[in-house]
Amino acid sequence: MAFFLARRLLYLLPVLLAVSLLTFLIASLLPGDLAYTILGDQATPENLAALRRDMGLDQPIWWRYFGWLGNALQGDLGRSFRTGQTVLQAVTERLPVSLELMLLAQIGALAIGVPLAIACAVRSGSAFDRFMTGSAFAMLSVPTFLSAILLIYLFAVELGWLPATGYVPFAEDPLANLRFMVLPALTLALAEWPGIMRILRSDMIATLQEDYIAMARAKGLKASRILFVHALKPSSLTLITITGINIGRLIGGALIVETIFALPGIGRLLVSAILTRDLIILQGVVLLVGCGFVIMNFIVDMLYAVLDPRIRHGHA
Amino acid sequence: MTDRVLLSIENVAVDLPTPRGNLRAVDGVDLKLNAGRTLGIVGESGCGKTMLSRAVLQLLPKKAMLSGRVMFDGKDLVTLDRERLRKLRGRSLAVVFQDPMTSLNPVLTIGTQLIETLQEHLELDMAAAKRRSVELLAAVGIPAPEQRLTQYPHQLSGGMRQRVAIAIALSCEPELLIADEPTTALDVTIQAQILDLLAREQRRRHMAMIIITHDLGVVAGRTDEVAVMYAGRVVERAPTQALFKKMRMPYTEALLAAIPKIDTAPHTVLPAISGRPPDPTRPLKGCSFAPRCRYALAGCHVEKPALTAAETPAHQFACFYPIGTEARVPA
């Protein structure tokens, strides 16, 4: 197990390096001159040249990359030239909001998707199964912004049960915080459950054909134990992968959802950085989000080994 | 005690809908098994022997249609409600499947798979269930049983896994154990060990046992009675010794002739049964074995012979021209 972990960690390094390189390249290749953006159209050529020199923009690109990477490794991702806030400050301030949103969305998606998948797999081919599979397919094609608006209309405008926009930190008032989080999390969950349900359903149907399920039935076990212990565990490997990949989709979805629901999270930080051409913030946030995604997927891969002893022992 | 009928299979038929039409896998089988006795069901692949065992266990595929009665200890398993059936399975009625590579759950430990059965049917606390599991593993010849409890199936060899499956089957002292080709997936060297283990435990626990196999050699010294199946029907049924001494059905003879013997000269051609079993979606009018039978006459293709008793009521066969009668003319 320790060897397995060490090997996977080693694979992680080149991936993280590639993430940093791509982030830097994309930011550098974006049209528009950073010095010009900062100084505005009143700037003289001399001022522009001086600023470029100060910021190291006249250096070759690979030199700038290594300088930036070196600083980043020491925790210095630079400072916004608009707000003066460091990237790290800006991110740590907003990260809890986004993490909470994604966590709640993931829990919501699993809470909807897993029971439906099991119910469909048990009655595969039945009218219920066909209806749910069809509904999941329909839900997959509903864009996030549309379901967000529909949810706001229903729960905030018509019923008035939940607030449409705003945010209270969890530490201040947990209940109020959750009230603000329900609709954004539900919006994201609605986009994620169909994938979870469809993958788990087909894996469950395959597992239920296995000899060891017949054996479990022959042992006289309760149906719930057969489903949740004997069938669900070996069926959830692909589900775990999907959940990991979903994190990437959730980050993308958070951009839209945080903007619609006015949540002060990473997504909104990124959107405002793009709109104000705040390249330092943009670059730093993309790097952190990218690394976070890679590390989350690494953790998800580790879950494989927890679920399947054959992977743990190097048999598969 | 031994005269009590434990299992009575009465006119059981299993139909499977297939794209090519209805497939009659089991065609009106009647069998009885007394408590504490052993029955061998023999036949080639596709003869319906596994479907018959699944019918007894009520583990048929969802689409399968079952008719007839399976009386176990006075209860009809076919109509028994699910909860009472569940309480019988694993408790009074246990099974060992063919392939131990697939019949144990790969993601659960050996201990979990044993203990869950014990705790489901017997009122044991965790410590007692663990103790009992260790005893069971030791009884089926698994070395270092305490350590096995925390191991997973893939860490054990095929033979060891089948021993675990047997330990699970024996765990609640069942009255009937069905072993569905328990050695087919194993190395030849392990086969005899597993069969001897089953025979020993059967005697020690006075349980009834059904061994399903395609190998007459497997049932020879280990069963009280043998039923030979062909194309979904029982074609000969007799006490084991009587069957081997004086078989009446040409199919049984052909099956026995197809077993390689140690004293045949090298490179002699094995007397295989020519042809193939009939298509189960296109039932024949006459005897199902007639197209492959050395002794078949015109009448055999017209009418289906019923299973009838020979000299003793215990020996039954379904043949118009059985071996040992004058009427038989080799074609």
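1. Start with two helices of chain A: the crossing of α8(A) and α10(A) is right-handed (the near helix is turned clockwise from the far one by less than a right angle). Bear in mind that this is a predicted model, where local features need pLDDT of at least 70, side-chain atom pairs count only at pLDDT 80 or more, and totals for chains, interfaces and linings use all residues. Residues are numbered from 1 along each chain as its sequence is written, while chains are lettered from A and ligands numbered from 1 in the order in which they are written.

2. The axes of α8(A), residues 174-208, and α10(A) come within 9 Å and cross at roughly 125 degrees. Axes here are lines fitted to C-alpha atoms over the stretch in contact, and angles run from 0 to 180 degrees between N-to-C directions. Helices are DSSP runs of H or I with at least four residues, and strands are runs of E with at least two, numbered from the N terminus.

3. Who meets whom? On the α8(A) side you'll find Leu200(A), Asp203(A), Met204(A), Thr207(A) and Leu208(A), and they meet Ala231(A), Pro234(A) and Ser235(A) of α10(A). Contact means C-beta atoms, placed from the backbone, within 7 Å.

4. Now for the two chains together: chain A puts 20 residues into their contact and chain B puts in 25. On the chain A side, α9(A) gives the most, with six residues.

5. Chain B has eleven helices and twelve strands. Along its principal axes, the C-alpha trace of chain B spans about 65 × 50 × 45 Å.
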